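Please keep the model open alongside the text.

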Amino acid sequence: LIHMFYSKFVTVFIASMCLTGAVFAAPVKVVTISDDFSSIVQSIGGDHVAVTSLIAGSRNLHSINPKPSMVMMIKNADLLIRLGMAQDKWIDGLIHVAKNPNLFPGKQGYLDASKNIEKLEIPQGNIDASMGDVHLYGNPHYWLNPANGIVIAKQIMDRLIAIDPDHAIDYQARYRDFSLELKAKIKVWKQRLEPYQKHNFVTYHKAWSYFFDGFNLRMVGELEPLPGIAPTTKHLVNLSKKLKQSNVPTVVLSTIYYPKKISQSFAKKQGAKFVFVSSSVGSDGVTSYTELFDYLVGAVTK
């Protein structure tokens with residue numbers, strides 16, 4: 001009797017584990033370059049993913065010093081999502097040191113999120129140091145057009161399905177919900193920004209090209225005379241003349257990791273609206289990719 005009871009118990013236990021295996025399945029461990037991508041991963045992956053960011057909050061991705069803790073994050077990851085376009089080359093060193101065979105370029109666990117993006121401002125002709133810090137593969141701030149968020153999300157869904165096919169239906173459903181919500185929100189954001197389509201927009205650094213492109217806003221210049229070169233008096237005077245000649249309202253839009261006083265002072269001299277904002281999830285109270293654009297559109301239209 002004891003033997004029969006034990007056999008039935010083992011049989012029931014094994015059957016129970018098989019039926020509930022999905023509940024106890026380990027989540028896909030995802031490491032992303034920033035909170036912007038982590039937010040999208042969470043939207044698509046839900047409870048099936050455990051996601052962390054190499055960089056928290058709004059940071060200048062041009063100047064990041066890798067940390068030993070990042071190596072361990074990559075070493076234990078199932079999927080690594082990077083910005084690409086040669087703007088996060090320091091990740092190559094982390095991949096090499098971590099020696100995670102699934103995360104080398106071309107492997108299933110490696111995703112360059114810029115792959116399917118329609119890139120802006122790819123330089124033509126010969127490039128040299130006199131042109132400043134030129135982006136050889138185009139402007140890398142592509143997440144700032146919400147339409148690109150859908151492109152990024154599609155790539156993430158496809159890769160999660162490849163790594164974790166058992167939850168393919170869930171990933172597909174969450175991607176569908178995410179994309180439908182974002183498309184509906186984009187219509188609302190465009191309506192709110194429509195009155196600003198005849199304004200002049202000036203930025204400190206050329207970080208907002210995708211935002212302007214996504215919402216049909218007019219970018220007329222940057223405070224930097226060349227990418228990565230600090231503003232000069234001569235350049236600011238010439239830019240001021242250009243704005244006065246156009247005789248339309250101006251908005252000076254700057255990211256919080258660039259000098260505030262220079263942008264604020266220039267805006268004041270032009271009688272322009274000054275907007276000083278984060279450009280990423282994880283900063284200034286922004287907790288999701290959709291919230292980022294609620295926040296940005298709200299800051300411009302406030």
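Lys-99 is exposed, with a relative accessible area of 58%; by the criterion applied here, exposed means over 50% relative accessible area, buried under 20%, and partly exposed in between (1.4 Å probe, protein chains only). The model is a predicted one, in which local features need pLDDT of at least 70 and side-chain atom pairs count only at pLDDT 80 or more, while totals for chains, interfaces and linings use all residues. Residues are numbered from 1 along each chain as its sequence is written, and side-chain values use heavy atoms, with hydrogens and water left out.

Lys-99 is located in the loop between H5 and strand S4 (110–112). Helices (H or I, at least four residues) and strands (E, at least two) are DSSP runs, numbered from the N terminus. The C-alpha atom of Lys-99 is separated by 9.2 Å from that of Val-71, although the two residues are 28 apart along the chain. Val-71 belongs, with Met-70 and Ile-74, to the buried residues of helix H4 (residues 68–75). These residues cover an arc of only 105 degrees around the axis, which puts them on the same side of H4; the arc is that of the directions from the helix axis to the C-beta atoms. An α-helix has 3.6 residues a turn, so residues three or four places apart point the same way. The buried residues of H4 pack against strand S2 (49–55), strand S3 (79–82) and helix H5 (90–98), where contact means heavy atoms within 4.5 Å.

Strand S3 contains Arg-82. At 5% relative accessibility, Arg-82 counts as buried. Its C-alpha atom is separated by 5.1 Å from that of Ile-33, a residue 49 places away along the chain. Leaving aside residues up to four places away in sequence, Arg-82 touches several residues, including Ile-33, Asp-88, Asp-92, Tyr-110, Asp-112 and Tyr-142.

The chain as a whole comes to 11 helices and eight strands, and 46% of its 302 residues count as buried. Of the contacts between residues at least 6 apart in sequence, 62% join residues at least 24 apart.

Helix H7 (residues 168–193) has 26 residues and, at 1.5 Å a residue, should span 38 Å; its end C-alpha atoms are 37 Å apart, which agrees. The expected span is 1.5 Å times one less than the number of residues. Among the buried residues of H7 are Tyr-171, Tyr-175, Phe-178, Leu-182, Ile-186 and Trp-189. Their cover includes strand S1 (28–34), helix H3 (35–45), helix H6 (146–163), helix H8 (209–214) and helix H11 (289–301).

Further along, four strands form an open, parallel sheet in the order S6-S5-S7-S8, two strands being paired if DSSP finds at least two bridges between them. Its edges are strand S6 (218–222) and strand S8 (273–277), each of which pairs on one side only. From one strand to the next, the twist averages 25 degrees; axes are lines fitted to C-alpha atoms, for helices over the stretch in contact, and angles run from 0 to 180 degrees between N-to-C directions. Strand S5 (residues 200–203) pairs with S6 over four bridges. The bridge partner of Thr-203 in S6 is Glu-222, and Val-202 stands opposite Gly-221. Within S5, Asn-200 and Val-202 point one way and Phe-201 and Thr-203 the other, and all are buried.

Which helices lie on this sheet? Helix H9 (residues 233–246) lies across S5, S6 and strand S7 (250–255), at about 155 degrees to S6. H11 touches S5 and S8, and its direction makes about 160 degrees with that of S8. The buried residues of helix H10 (residues 260–270) are Ser-263, Phe-266 and Ala-267. Seen down the axis of H10, they fall within an arc of 100 degrees, so they line one face of the helix. These residues pack against S5, H9, S7 and S8, whereas Lys-261, Lys-268 and Lys-269, on the other side of H10, are exposed. Just after H10, Gly-271 takes a positive phi of about 65 degrees.

The structure holds 10 aromatic pairs. The rings of Phe-274 and Phe-276 have centres 5.8 Å apart and planes at 25 degrees, so this pair is stacked. Rings of Phe, Tyr and Trp (its six-membered ring) pair if their centres lie within 6.5 Å; planes under 30 degrees apart count as stacked, over 60 as edge-to-face and the rest as tilted. Phe-274 is partly exposed at 22% relative accessible area, as is Phe-276 at 25%. Ring pairs also link Phe-201, Trp-208, Phe-211, Phe-212 and Phe-215 into a cluster.
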